[in-house]
Amino acid sequence: MATKHALINNSYSDEWYTPAYVVRTMLKVFPPNAGDRILLPFDTAESNFTKIITAEYDKQAIWGIQDFLTRDYEFDYLISNPPYSIKDKIIERCIDLGKPSVLLLPIDTLGGVQRHKLFHRTRIGVYIPTKRIKFINENGDNSKTPAYHNIVMLINSKQNSIYFEYEYKETEQ
């Protein structure tokens with residue numbers, strides 16, 4: 001399966017950073033509850049997820065882990081831009097854990113027979129940005145960002161829902 005980086009450089013890496021404005025949008029659209037213990041399963045100290053969450057939401061957030069798929073952690077809310085090369089395993093794991101899990105994923109994640117079988121086991125909320133996200137590479141450059149649309153998906157939502165950016169902005173006014 002192709003990854004964001006592989007699409008550009010014909011190499012295998014999922015190491016792209018999410019801009020801070022995207023992290024803030026994810027938190028605004030699908031916010032954690034006050035006092036939630038937050039898990040950032042694919043994030044490092046350089047990640048905008050880690051920087052924002054530990055500064056503004058949960059100073060004790062769990063991040064920098066390598067074994068999300070095989071080890072259990074005590075948490076209330078998960079948020080991340082996971083490696084797209086294993087997104088189906090991550091989605092299934094999030095469903096199995098039963099906790100609110102906010103993931104940044106390619107829009108085509110919504111389709112497919114196997115994914116629909118997974119989604120049937122839970123409820124999902126989907127937020128669709130109007131424009132493509134310009135991810136940041138290891139060098140801080142976003143000029144060769146992946147060329148496809150992304151969504152923000154809340155797995156284990158209270159109800160199935162879909163929000164378009166323009167509708168969400170209209171409700172804020």
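This is a predicted model: local features need pLDDT of at least 70, side-chain atom pairs count only at pLDDT 80 or more; totals for chains, interfaces and linings use all residues.
Guide: Contact, or touching, means heavy atoms within 4.5 Å. Residues are numbered from 1 along each chain as its sequence is written, and side-chain values use heavy atoms, with hydrogens and water left out.

Visitor: In what order do the elements of the protein run from the N terminus on?

Guide: Helices (H or I, at least four residues) and strands (E, at least two) are DSSP runs, numbered from the N terminus. By that assignment the protein has 6 helices and 7 strands. From the N terminus on, their order is α-α-β-α-β-β-α-β-α-β-β-β-α.

Visitor: In which element of the protein is confidence lowest?

Guide: Over the protein the mean pLDDT is 87, with 83% of the residues reaching 70 or more. Strand E1 (residues 38-40) has the highest confidence, at 98, whereas the lowest belongs, at a mean of 42, to residues 4-9, that is, helix H1.

Visitor: How many contacts beyond near neighbours in sequence does the stretch of residues 1-12 have in the model?

Guide: Residues 1-12 have a pLDDT below 50. Even so, the model gives this stretch contacts beyond near neighbours in sequence, and their number is 30.

Visitor: Among contacts between residues at least 6 apart in sequence, what share joins residues at least 24 apart?

Guide: Of the 173 residues of the protein, 49% count as buried (under 20% relative accessible area, with exposed meaning over 50% and partly exposed in between, for a 1.4 Å probe and protein chains only). Contacts at the stated separation can be sorted by distance along the chain, and the share joining residues at least 24 apart is 68%.

Visitor: Which residues does Val22 touch, not counting residues up to four places away in sequence?

Guide: Val22 is found in helix H2, and because its relative accessible area is 5%, Val22 is buried. Its C-alpha lies 9.1 Å from that of Leu104, a residue 82 places away in sequence. Not counting residues up to four places away, Val22 touches Leu104 and Ile133.

Visitor: Is Asn33 buried or exposed?

Guide: Asn33 sits in the loop between helix H2 (20-29) and E1. From C-alpha to C-alpha it is 8.3 Å from Tyr77, although the two are 44 residues apart in sequence. Because its relative accessible area is 56%, Asn33 is exposed.

Visitor: How far apart are the C-alpha atoms of Tyr84 and Leu105?

Guide: Tyr84 has its place in the loop between E3 and H4, and at 3% relative accessibility it counts as buried. Leu105 is 21 residues away along the chain, and the separation of the two C-alpha atoms is 7.2 Å.

Visitor: What is included in the cover over the buried residues of H4?

Guide: In helix H4 (residues 87-97), the buried residues are Lys87, Ile90, Ile91, Arg93, Cys94 and Ile95. Just after this helix, Gly98 takes a positive phi of about 75°. The cover over the buried residues of H4 includes strand E3 (77-80), strand E4 (101-106), helix H5 (113-119) and strand E6 (150-155).

Visitor: Which residues does Val126 touch, not counting those up to four places away in sequence?

Guide: Val126 belongs to strand E5 (residues 124-128), and because its relative accessible area is 4%, it is buried. Leu103, 23 residues away in sequence, lies 9.7 Å from Val126 in space, C-alpha to C-alpha. Leaving out residues up to four places away, the residues that Val126 touches are Phe30, Leu110, Ile151, Val152, Ser161, Ile162 and Tyr163.

How values were computed
pLDDT is the predictor's confidence in each residue, from 0 to 100.
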